[in-house]
Amino acid sequence: ARPRGACGGGGGGGGGGGGSTLAYNLVIGCLLRRDRAAEAEALLHSMHAAGVAPDTVTFSSMISLSPGASTAPARAAEWLGAMKQLGLQPDAQCFNKVLACCARARLPELADEWLDKMEAAGVPPNLVSYSTTIAAYAKTAQPDEAAAVLRRMTARGIAPDTILLNQLLES
């Protein structure tokens with residue numbers, strides 16, 4: 001039961017049935033971009049009830065549900081847990097969105113913990129993962145911790161880009 005008129009109209013592709021994962025993902029993403037998180041979450045539940053399996057794209061969108069709220073990291077972790085319950089393996093993008101939630105909530109230590117959880121889950125952190133964690137430390141005036149994450153990153157063979165180096169200079 002998709003909200004009528006949400007994000008550009010009524011009909012959905014394909015005749016009858018519950019629709020496709022892609023169609024649901026498009027509407028969920030659209031709702032989230034319009035700050036209609038409650039509707040997006042309700043649509044996810046109706047998606048599941050209609051027998052349409054959510055995928056990593058679905059959950060990646062939901063993880064970034066409330067990026068500015070102080071509760072966003074906990075909510076993002078709940079979505080990661082829901083993914084795992086459905087047998088889906090979070091990818092780097094999903095973890096990076098959790099890291100971004102931590103950074104926006106000004107919780108760099110929590111971002112650092114999630115960086116470790118990412119590695120423990122067998123998902124190698126990438127430049128975005130490290131940059132987000134480093135930026136979180138930089139924004140909270142913790143340059144020593146930011147430098148420690150930079151050392152971890154370069155020890156794993158990932159070179160900083162210009163944007164990251166500028167963030168470090170500003171911290």
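Contact means heavy atoms within 4.5 Å. The views below come from a predicted model.

**View 1. Ser-60 and the residues it touches.** Ser-60 is found in helix H3. Leaving aside residues up to four places away in sequence, Ser-60 touches Gln-93, Cys-94 and Lys-97. With one of these, Lys-97, there is also a polar contact from side chain to side chain, at 3.4 Å. Is Ser-60 buried or exposed? Its relative accessible area is 4%. Buried means under 20%, so Ser-60 counts as buried.

**View 2. Helix H3 within its surroundings.** Helix H3 covers residues 56-63. Six of its eight residues are buried, so H3 is largely enclosed by the rest of the structure. Which residues of H3 are buried? They are Thr-58, Phe-59, Ser-60, Ser-61, Met-62 and Ile-63. These buried residues pack against four helices: H1 (21-33), H2 (37-49), H4 and H5.

**View 3. The cap of helix H3.** Asp-55 caps the N-terminal end of H3. Look for a side-chain oxygen of Asp-55 and the backbone nitrogen of Val-57. The two atoms lie 3.1 Å apart.

**View 4. Phe-59 and Trp-79, an aromatic pair.** The structure holds two aromatic pairs, and this is one of them. A pair of aromatic rings is described by the distance of the centres and the angle of the planes. For Phe-59 and Trp-79, the ring centres are 6.1 Å apart and the planes stand at 55°. Planes under 30 degrees apart count as stacked, and those over 60 as edge-to-face. Phe-59 lies in helix H3 and Trp-79 in helix H4 (residues 72-85), so the pair ties together parts that are 20 residues apart in sequence. Both Phe-59 and Trp-79 are buried.

**View 5. Phe-95 and Trp-114, another aromatic pair.** How far apart are the ring centres of Phe-95 and Trp-114? The distance is 6.2 Å centre to centre, with 50° between the planes. This pair, too, is tilted. Phe-95 belongs to helix H5 (residues 92-104) and Trp-114 to helix H6 (residues 108-120). The pair links distant parts of the chain, 19 residues apart. Both Phe-95 and Trp-114 are buried.

**View 6. A charge over the ring of Trp-114.** Which residue places its charged end over the ring of Trp-114? Lys-117 does, at 4.3 Å from the ring centre.

Note on methods. Residues numbered from 1 in each chain as written. Predicted model: local features only at pLDDT ≥ 70, side-chain atom pairs only at ≥ 80, totals over all residues. Heavy atoms only, no water. Phe/Tyr/Trp six-rings, centres within 6.5 Å; stacked < 30°, edge-to-face > 60°. Buried < 20%, exposed > 50% of the residue type's maximum accessible area, 1.4 Å probe, protein only. Lys NZ or Arg CZ within 6 Å of the ring centre and 35° of its normal. Polar contact = N/O pair within 3.5 Å; in protein donor to acceptor, adjacent residues only side chain to side chain.
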